[in-house]
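Good morning, and thank you for joining. Today I would like to walk through one model, taking its sheets, its interface and a few local backbone features in turn.

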Amino acid sequence: MAEKRITLFAGHYGSGKTNIAVNYALALKKQREYLMLADLDIVNPYYRAKDSARELEAQGIRVISSFFANSNVDLPALPQDIYAITDDRRYTCVLDVGGDDRGALALGRLVPAIREEGDYEMLLVVNRFRPLTRDAQSVREVVEEIETACRLPFTGIVNNSNLGIETTPEDVLGSLGYAREVSRLCGIPVKMTTIEENLLPALQGKVPDLFPMKLQKRPTE
Amino acid sequence: MAEKVLMKGNEAIAEAALMAGCRHYFGYPITPQTELTAYMAKRLPKMDGVFLQAESELAAINMVIGVSAAGKRVMTSSSSPGISLKGEGLSYLAGCDLPAFVVNVQRGGPGLGGIQPSQSDYFQATRGTHGDYRTIVLAPDSVQEMVSLTIKGFELADKYRMTAMLLADGTLGQMMEPVSLDADKIVTFEKPWAACGTGMKRPNNIINSLSLIPEELEQWNLTRFKRYDIVEENEVMYEEYMMEDAEICLVSFGITARVSKNAIAEARKMGIKAGMIRPITLWPFPKKPLLAATEKVKAFITVEMNMGQMVEDVELATRCRRPVLSCTRCGGVIPSPDDVMGAIRKACELGGDAK
């Protein structure tokens with residue numbers, strides 16, 4: 001798990017960033033006293049880290065999210081608390097960045113302080129079953145767009161290739177080559193492969209750096 | 001079969017439209033359908049298509065009229081308040097007998113309402129704006145069906161020279177599901193009526209909704225309604241779910257039909273024989289299967305995310321032979337299977353089948 005103080009999850013819209021960030025924070029809390037999950041998404045008004053706020057806060061995780069997330073108001077505003085990410089270094093921070101370059105734009109204001117401290121991991125979440133990131137070349141375009149928007153280079157790849165509830169172990173195994181190709185083309189190492197926890201028995205030992213997750217849902221579902 | 005991909009409903013509509021041969025999109029962003037606009041903005045320029053974010057919804061629908069008149073497949077999309085703004089253009093499309101594909105990813109209303117999901121534009125979609133006209137209204141209940149009904153929508157629009165509207169809601173637009181992007185056969189039509197240049201070989205095609213002679217305008221309406229009769233006869237789509245032995249019939253479309261299926265499973269565990277007729281076309285409305293169901297069921301329940309807008313259509317279709325109840329939530333709230341179970345219990349008492 002994280003060796004750096006700040007772990008950021010960014011990538012293509014709908015690649016699974018929020019689900020990963022929430023699961024990652026829950027796992028990391030077991031090793032950290034001060035842990036914070038910050039939801040920086042200003043693009044998607046539905047399906048937010050805030051959906052899991054109750055579970056996160058029950059574990060003692062500080063959740064920073066837009067006051068308007070999941071409300072009936074579509075206001076792309078971030079709370080002042082986000083400055084705690086860079087100001088309060090007691091905390092280990094997990095950041096859920098909005099999708100694509102449009103979502104990553106909101107990160108810009110924190111980037112000078114993040115770079116100055118230099119204690120971060122910027123992870124690119126990829127899913128080869130998303131139609132606009134099916135090959136390494138398309139991922140590279142997304143990488144360039146995001147890095148241009150937020151001015152923070154990626155340091156690792158999270159292979160989150162999945163087909164939702166229909167994902168099979170073969171789908172995951174078949175995506176490893178894709179992740180390697182993305183890695184080669186973008187010059188970024190693969191840091192982990194994320195899977196739904198029910199696939200763990202079938203994949204354990206066959207995939208390096210496996211990270212099992214529980215699917216986060218809206219409380220109404 | 002093509003390898004499945006994981007898509008949001010809004011993206012799936014956009015991709016299906018491209019598969020159907022649509023290369024012209026005019027729109028204006030609004031939550032919760034913005035991913036559709038964003039997807040088109042990314043994809044269309046790479047396909048030599050035209051993506052244009054108009055200055056307003058009004059402008060967008062009028063651009064649709066122009067491209068449709070030229071004989072090309074064209075679409076626009078919006079969410080509830082934005083569809084109201086497009087209302088005038090929808091009537092002009094009908095008056096000009098022009099095909100168009102229009103998407104409404106509904107949110108809570110009335111007014112500016114909210115951004116959470118709703119089905120409160122049922123009246124608007126099935127009744128339309130000014131003038132005597134009809135709109136084919138398609139109501140998908142999954143991301144996969146958003147693909148097939150988008151392709152079907154373009155086909156029906158061209159076939160009958162009218163607007164086909166895909167009526168979705170915020171949940172369907174935002175949810176991600178695995179889909180197969182197989183193009184079922186893409187059906188296209190010759191458009192000899194299109195205003196796309198005479199080549200000096202034929203007289204001008206004139207596309208217009210204005211008539212100065214009352215008798216002529218009446219004739220246009222009569223001709224148009226003969227076409228609507230054919231649509232009602234041939235294009236009704238619906239799903240019957242566990243209706244073989246059903247005593248309580250839920251009537252629900254879109255995302256609430258999925259909630260209803262869960263409630264039906266619960267009811268059957270308790271020994272209540274519940275089933276569902278799911279209208280897939282809201283116009284033409286599946287009147288025949290509903291009327292036939294009155295022979296065996298004791299009561300109907302509409303399950304909707306509005307104040308019960310479909311109740312009247314069910315009462316008309318069933319000639320009020322059985323009670324029609326409604327189970328509704330609105331304002332952006334999705335009914336839970338428990339809400340539906342409550343209504344099923346009530347219907348049992350009313351229908352004299354309490355268990």
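I begin with chain B, where five strands form an open sheet in the order β9-β11-β10-β13-β14, and the pairing is mixed. Its edges are β9, residues 238-241, and β14, residues 324-328, of chain B, each of which pairs on one side only. From one strand to the next, the twist averages 20°. Against this sheet packs helix α10 of chain B, residues 255-269, which touches β9, β10, β11 and β13 of chain B. The direction of this helix makes about 165° with that of β11(B), the strand at residues 274-279. Please keep in mind throughout that this is a predicted model.

Within the sheet, let us look at one pair of strands. Strand β10 of chain B, residues 248-252, and strand β13 of chain B, residues 299-304, run parallel and are joined by five bridges. Which residue of β13(B) stands opposite B:C249? That residue is B:F300.

Inside the chain A sheet, strand β1, residues 6-11, is joined by four bridges to strand β4, residues 92-96, and the two run parallel. The bridge partner of A:L8 in β4(A) is A:L95.

The side chains of A:E121 and A:K191 meet in a salt bridge, at 3.0 Å from N to O. This pair links distant parts of the chain, with A:E121 in strand β5 and A:K191 in strand β7 of chain A, 70 residues apart. Over all chains, the structure holds 34 salt bridges.

I turn now to the interface. How many residues of chain B are in contact with chain A? There are 26, and they meet 27 residues of chain A. Between them the two chains bury about 2300 Å², of which 52% is on carbon and sulfur atoms. Three residues, B:L6, B:I115 and B:Q116, supply 24% of the area that chain B buries against chain A, more than any other three residues.

Six salt bridges are found across the interface of chain B and chain A. A:R130 and B:E11 meet through their side chains in a salt bridge, with 2.6 Å from N to O. Between chain B and chain A, eight residue pairs are in polar contact. On the side of chain B that touches chain A, the elements giving two or more residues are β1, α2, α8 and β8 of chain B. The largest share, five residues, comes from α2(B). By class, that side of chain B has eleven nonpolar, seven polar and eight charged residues.

Finally, I would draw your attention to the backbone of chain B. Which residues does a cis peptide bond join at an omega of about 5°? They are B:T31 and B:P32, and B:P32 is found in the loop between β2 and α2 of chain B. A cis peptide bond also joins B:W283 and B:P284, with omega about -5°. B:P284 lies in the loop between β12 and α11 of chain B. B:D97 lies in the loop between α5, residues 87-95, and β5, residues 100-106, of chain B.

That concludes the presentation, and I welcome your questions.

How values were computed:
Residues numbered from 1 in each chain as written. Chains lettered and ligands numbered in written order. Predicted model: local features only at pLDDT ≥ 70, side-chain atom pairs only at ≥ 80, totals over all residues. Heavy atoms only, no water. Pairing = 2+ DSSP bridges. Axes fitted to C-alpha atoms, helices over the stretch in contact; angles between N-to-C directions. Contact = heavy atoms within 4.5 Å. Buried area = accessible area lost by both parts, 1.4 Å probe. Salt bridge = Lys/Arg side-chain N within 4 Å of Asp/Glu carboxyl O. Polar contact = N/O pair within 3.5 Å; in protein donor to acceptor, adjacent residues only side chain to side chain. Nonpolar A, V, L, I, M, F, W, Y, C, P; charged D, E, K, R; others polar.
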